[in-house]
Structures are given as structure tokens and as C-alpha cells.
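Please open the model in a viewer and keep the selection panel at hand.

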Amino acid sequence: MVDSGAMAIVGSVFNVVAFAGSLRRASYNRALVRAATELAPSALHIMVFELDDIPLYSEDIEAAGAPPSVIQLRDAIRKADGLLIATPEYNYGVPGVLKNAIDWLSRPPRDSALNGKVAAVMGASRYSRNGAQPIAIAAGIRFYRHVRTATAGGSCRASAREV
Ligand SMILES: Cc1cc2nc3c(=O)[nH]c(=O)nc-3n(C[C@H](O)[C@H](O)[C@H](O)COP(=O)(O)O)c2cc1C
């Protein structure tokens, strides 16, 4: 977990939980999330979560009790005002990593941590063509009906070399 800064949480601060839909070590989308924490204005507080420890969703695992990584992410989102997601396009859709996280977060359906949250989705790619598809999907289906308003962020074409 990374925090965007040691700023005081005051009434006017908008709290956001951010994560990337890629587990690649040198992921451009992970870098995009980090950049957001560095560039965030003082009225925006960004807490970054890594999805590496979120297991593949299974109703059996859930029935036995949600894993600590899932509970931590759910709790952080419950306390936050919204989400910031940076994701690549995988095969014209949302990467499994991101979909899996959303599947966990959508449960339990009537008490989903996503209920009533706003979300912004952005994307970066190593290639010149970064699909806007996951962004469109996320915005269009309003996060599987849990997120109140999903605002589609601009798809950003990465021009920097891989680090
Ligand atoms: C399994 C897989 C599927 C991909 N499918 C697409 C795609 O449909 N459209 C696209 O523009 N890029 C596609 N890419 C390229 C990724 O968007 C690109 O590698 C991106 O940089 C990955 O994100 P990351 O840098 O955050 O890891 C795909 C990459 C992988 C590994």
C-alpha cells in the first residue's frame, strides 16, 4: 500500500483508492497510478493498492471467509469517496486481474464496497495503440452496476521508454 502523502485529511479532501489492472513489474499502468499520487492536488488523497495478493475469486474461498488482502481493499474502498483505476487493454477487454478484483469487490451484492462510489478509469500502453475498450466497458456498464458514476478518463498513449 502506498499513500500519496502525509497530508492531513480535512473535510474538503477527496479520498481515492487507486490500483492498476496489471501485475507486470514495470507496468505502465502501475507507473500511471504512481504518477497520479505524485501529481495529485492537495485536495485529492490517493491510496494505492497492489492487486498481487488478491486471489482468483471463488465462491468456496468466499464462503470460508474473504482473504485478508480482499478485506483490506474492501475496507479502504468503503472509507474512500471513489476509485482511480489505471488499466491496459487485454484482448479488447478488461484484464483478468482487474475483473477479478471487481468480482471480489462486488460481493456481497447488497453490501458491496463499490456501492455509491465514483470511479475514474485511465489507461497506458507500451504500444502506440492503447485500446479505450476497458475504459468504455468500465464506464458503459457502470462497474457492473455498483459504482454510481463512472467517468471515463482519457486513454493516454505512453511515449516514454520502458524502465
Ligand atoms: C494478454 C495480452 C493481451 C493484450 N491485448 C491488447 C489489446 O487488446 N489491445 C491493446 O491495445 N493492447 C493489448 N495488449 C498490450 C498491452 O496493453 C500492453 O502490453 C500494456 O503496456 C500492458 O500494460 P502494462 O504496461 O501496465 O503492463 C495486450 C497485452 C497482453 C499481455
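Helices are DSSP runs of H or I with at least four residues, strands are DSSP runs of E with at least two, and both are numbered from the N terminus. The model shown is predicted.

Begin with the protein chain as a cartoon. Five helices and six strands make up its secondary structure, and their order from the N terminus is β-β-α-β-α-α-β-α-β-α-β. The chain has 163 residues, of which 35% count as buried. Among contacts between residues at least 6 apart in sequence, 77% join residues at least 24 apart.

Next, select V17, A18, F19, I77, I85, A101 and L105. These residues have the most contacts inside the largest nonpolar core, which has 34 residues. Two or more residues of this core come from each of β2 (14-20), α1 (28-39), β3 (44-48), α3 (68-79), β4 (82-86), α4 (96-105) and β5 (118-123). The largest share, six residues, is given by α4.

Now centre the view on V17. Which residues are in contact with V17, leaving aside its neighbours within four places in sequence? They are M47, F49, A76, I77, A80 and L83.

Finally, select P108, located in the loop between α4 and β5. Is the peptide bond that joins R107 and P108 cis or trans? The bond is cis, with omega at about -10°. For context, most peptide bonds are trans.

Definitions and conventions: Residues are numbered from 1 along each chain as its sequence is written. This is a predicted model: local features need pLDDT of at least 70, side-chain atom pairs count only at pLDDT 80 or more; totals for chains, interfaces and linings use all residues. A nonpolar core is a set of buried Ala, Val, Leu, Ile, Met, Phe, Trp, Tyr and Cys residues joined through C-beta atoms within 7 Å. A residue is buried if 20 or more other C-beta atoms lie within 10 Å of its own, exposed if 12 or fewer, and partly exposed in between; C-beta atoms are placed from the backbone. Two residues are in contact if their C-beta atoms, placed from the backbone, lie within 7 Å.
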